[in-house]
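Let's take a walk through this structure together. Have the sequence beside the 3D view and follow along.

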Amino acid sequence: QRGIVDLGWDEKEDSKVTKGLLGYMLVKALNISGGLTMRLLGVTRRYALKECLYIGLIPKGTSHEYVTGRELLDILTRAEVYKKEGTLDSIRK
């Protein structure tokens with residue numbers, strides 16, 4: 001309903017989360033507009049991940065790579081800072 005996951009959502013509740021899926025959800029939840037490609041073609045897991053990598057929300061990786069528990073905690077912390085401040089400058093220092 002809120003548009004955080006795509007309409008083709010078919011993940012099982014016990015499946016592992018990929019960086020592409022997490023990137024997609026972060027872009028949607030944080031209203032990140034992205035670069036030219038994402039604006040023209042729409043949000044996909046691949047381009048959402050590229051935007052999250054550029055911003056610094058998600059550490060390096062590919063869209064099919066799984067997120068570890070430690071990475072998830074770090075990413076959620078960064079997302080909270082980004083939501084409050086609109087940037088990650090305060091945690092990059």
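Leu 41 sits in helix α2; helices here are DSSP runs of H or I with at least four residues, strands are runs of E with at least two, and both are numbered from the N terminus. Is Leu 41 buried or exposed? Leu 41 is exposed, because its relative accessible area is 64%; exposed means over 50%, buried under 20%, and partly exposed in between, using a 1.4 Å probe and protein chains only. Leu 41 also belongs to a nonpolar surface patch with Leu 36 and Leu 40, and together they have about 390 Å² of accessible area. Such areas come from the Shrake-Rupley method with a 1.4 Å probe, and for residues only the protein chains shown count as cover. A patch takes residues with over 30% relative accessible area and no salt bridge, joining nonpolar side chains (Val, Leu, Ile, Met, Phe, Trp, Tyr) within 5 Å and like charges within 9 Å. A salt bridge puts a side-chain nitrogen of Lys or Arg within 4 Å of a carboxyl oxygen of Asp or Glu.

A word on the ground rules. You're looking at a predicted model, where local features need pLDDT of at least 70 and side-chain atom pairs need 80 or more, while totals for chains, interfaces and linings use all residues. Residues are numbered from 1 along each chain as its sequence is written, and side-chain values use heavy atoms, leaving out hydrogens and water.

Now zoom out. The protein has 5 helices and 0 strands, and 31% of its 93 residues count as buried.

Next, look at helix α3, residues 45–55, where Ala 48, Leu 49, Glu 51, Cys 52 and Ile 55 are buried. Seen down the α3 axis, these buried residues fall within an arc of 160°, so they line one face of the helix; the arc is taken from the directions from the helix axis to the C-beta atoms. They pack against α1, α2, α4 and α5, with contact meaning heavy atoms within 4.5 Å. After α3 comes Gly 56, with a positive phi near 105°.

Finally, find Lys 19 in helix α1, which covers residues 19–29. Lys 19 counts as buried because its relative accessibility is 0%. Leaving aside residues up to four places away in sequence, its contacts include Leu 49, Ile 58, Tyr 66 and Glu 71. The side chains of Lys 19 and Glu 71 are also joined by a polar contact of 3.3 Å. That term covers a pair of N or O atoms within 3.5 Å; within protein, one must be able to donate a hydrogen and the other to accept it, and residues adjacent in sequence count only if both atoms are side-chain atoms.
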